[in-house]
Amino acid sequence: MKKYIIQFSRFCLIGLVMSTVWGCNEFLEETDKSNFTLENYFTRPEHATSVVNSIYESLYPVMQSGFGGGPWMMLEFATGLANTELGQAQNSLFVRNLINNSDNGYGQTYWTSSYRGIANANLAIEKIPEIEMDNAQQNRLLGEARFLRAYYYFNLIRIFGNIPLITTSIDLTSPELYPDPASTEAVYNQIVADLEVAEDSGLPWRDASGRVSMGAVKSLFSSVYLTMAGYPLQAGDQYYQLAAEKADDVIQSGVFELFDEYSSLHSVEDKNQGEHIFMKQYAAFTVPSSWQVSIIPYNRGISAYSAETGGIFANQEFVESFESGDKRAEEKEFFYTEYSLESDRTTVMELGDYYIWKHFDEEAQLSTTSSGMNWPVYRYAEILLIYAEAINEANGPTTAAYEAINSIRRRANLPELENLSKEEFREAVWREKWVELCFENKTWYDMVRLRKAFNVNTREFEDYVGHEFSYGPTLRERELLFPIPTAEIRNNDKLTQNAGY
């Protein structure tokens, strides 16, 4: 871990002067490139914006995709619901076949990029209060920094278990250079503390440019409390109530609404609007999204892209487990099984598998070859389902809980639920989450906090440990966490590898 901490110190300087790539025009403007040090740099309001922009940068590395697969796929192959045609993507195959190890580059990317973001957040939280600037703008920037630090720690604690908790900027003389791992409770307490500050920072409910908003803060808070109520903390039923309250804040704001059509989920024109609460920002020809190459079948000639990797697609058994009549299983709603050829757009090819349409940028595939599509981090559908699950656990299936889940089902052309027991309602919400949020890096997190997995053959939920994937491998207790990367164990002897790796 030492070399990455040293790199973080350098990045804190370098990241401030790089032109940022966070979505809209104001993010793409170049910042001051004059010579500076940490001691003399933080003197102007632009410097405050610059350091916060550098925190956003760490959202991107996990989304990078190509012929080696992509780190974001790690969480999808871990569910047993995804497949790949990309034989050289060994990191994907190791996770999919449950033979993963600590040398997997996907895990290293999650670890390194998250701690880089945390390092820049720590710097922002320390230095921005020293800058003379508009108080409201200062508070909003600090709120963004707190949210992003909480977000990175939330991912790290769920993926790797006990991790170092670093909340101050460090250098080679810092005692935290070789940090001890913190307890799970300590990390979650810090996440909650950061989000409480972000709640009071004056952020708008929505930010059309894609920056952190109050909607994003409340959404993350609801997910954190829901997770704290489950495994591994099992902090108590009061956390279900807290999760429901944060989700209800989003609902009652009246700012967000479900899209009428699923096509809007992957419409470049609709990003940061409607159902989208918080997204990773991309811009065609400037900072294009790279996962497009991964959701195209392997070298079938359907795209204007030069690369078609077949990196990830849905298992047939999973899609066929959807309820009869579910619109999300229909062609070109969430998935696609046919497409025309680039050489002859009048010819439609049967592809043979269920490829991911919900992240497909058709304009980029057909003409521009460069996608400005954003990646969803939180959208309104998830918040409705968090609310439905949490309020049911706290109070049983209330009228409001039914409306939350039924609004999702109405869009899917499914009959509304009614007259369910608490237990029946609980599993109904789980099923909706498995379907609605599939391939958005959500399902594995739910599997771990619930200690449950969905059997696509019986269409029932069963214990996580001992669950057999439809293609053979069986989950063990070790798969409740990913291995801490080998380089981190070697660089910091205070870290202990997770059991089973």
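Trainee: Where does N419 sit?
Mentor: N419 is in the loop between α15 (399–411) and α16. Helices here are DSSP runs (H or I, at least four residues), strands are E runs of at least two, and both are numbered from the N terminus.

Trainee: What phi does N419 have?
Mentor: A positive one, about 55°, although N419 is not a glycine.

Trainee: Is N419 buried or exposed?
Mentor: N419 counts as exposed, at 71% relative accessibility. Buried means under 20% relative accessible area, exposed over 50%, and partly exposed in between (1.4 Å probe, protein chains only).

Trainee: What should I know about the model itself?
Mentor: It is predicted: local features need pLDDT of at least 70, side-chain atom pairs count only at pLDDT 80 or more, and totals for chains, interfaces and linings use all residues. Residues are numbered from 1 along each chain as its sequence is written, and side-chain values use heavy atoms, with hydrogens and water left out.

Trainee: Back to phi. What about T369?
Mentor: T369 is not a glycine either, yet its phi is positive, about 60°. T369 lies in the loop between α13 (362–368) and β6. Its relative accessible area is 34%, so T369 is partly exposed.

Trainee: And which residues does a cis peptide bond join?
Mentor: Y231 and P232, with omega about 0°. P232 is in the loop between α10 and α11 (238–253).

Trainee: New topic: the core. Which residues touch the most other members?
Mentor: F147, I191 and F335, in a largest nonpolar core of 157 residues. Helix α8 (residues 135–160) supplies the largest share of this core, 14 residues. A nonpolar core is a set of buried Ala, Val, Leu, Ile, Met, Phe, Trp, Tyr and Cys residues joined through side-chain atoms within 4.5 Å.

Trainee: What does F147 touch?
Mentor: Leaving out residues up to four places away in sequence, F147 touches L195, A198, V212, A216, V217, L220 and F278. Contact means heavy atoms within 4.5 Å.

Trainee: How many cavities are there?
Mentor: The structure holds 5 cavities of 30 Å³ or more. On a 1 Å grid over the protein atoms alone, a cavity is a set of points where a 1.4 Å probe fits but cannot get out; a pocket is an open set with protein on both sides within 12 Å along at least five of seven lines; lining residues have an atom within 4 Å of a point. Grid points are joined across faces, edges and corners, and a volume is the space filled by probe spheres set on the points.

Trainee: What about the largest cavity?
Mentor: About 340 Å³ of space lies in it. The lining has 28 residues, with Y151, N155, R158, N441 and Y445 nearest the centre. α8 gives the most to that lining, 5 residues.

Trainee: How does that lining divide by class?
Mentor: Into 13 nonpolar, 7 polar and 8 charged residues. Ala, Val, Leu, Ile, Met, Phe, Trp, Tyr, Cys and Pro count as nonpolar, Asp, Glu, Lys and Arg as charged, and the others, Gly among them, as polar.

Trainee: And the largest pocket, what volume has it?
Mentor: About 320 Å³. Its lining has 19 residues, and G161, P232, R451, L480 and L481 lie nearest its centre. The largest share of that lining, 3 residues, comes from α17.

Trainee: Why is α17 largely enclosed by the rest of the structure?
Mentor: Because 8 of the 8 residues of α17 are buried. What covers them includes α5 (74–77), α8, α10, α14 (380–395), α16 (422–436) and β7 (452–455). Just after α17, R451 takes a positive phi of about 60°.

Trainee: Last one. Is D194 buried or exposed?
Mentor: Buried, with a relative accessible area of 0%. D194 is in helix α9 (residues 184–199).

Trainee: Which side chain makes a polar contact with that of D194?
Mentor: The side chain of R149, at 2.8 Å. A polar contact is a pair of N or O atoms within 3.5 Å; within protein, one must be able to donate a hydrogen and the other to accept it, and residues adjacent in sequence count only if both atoms are side-chain atoms.
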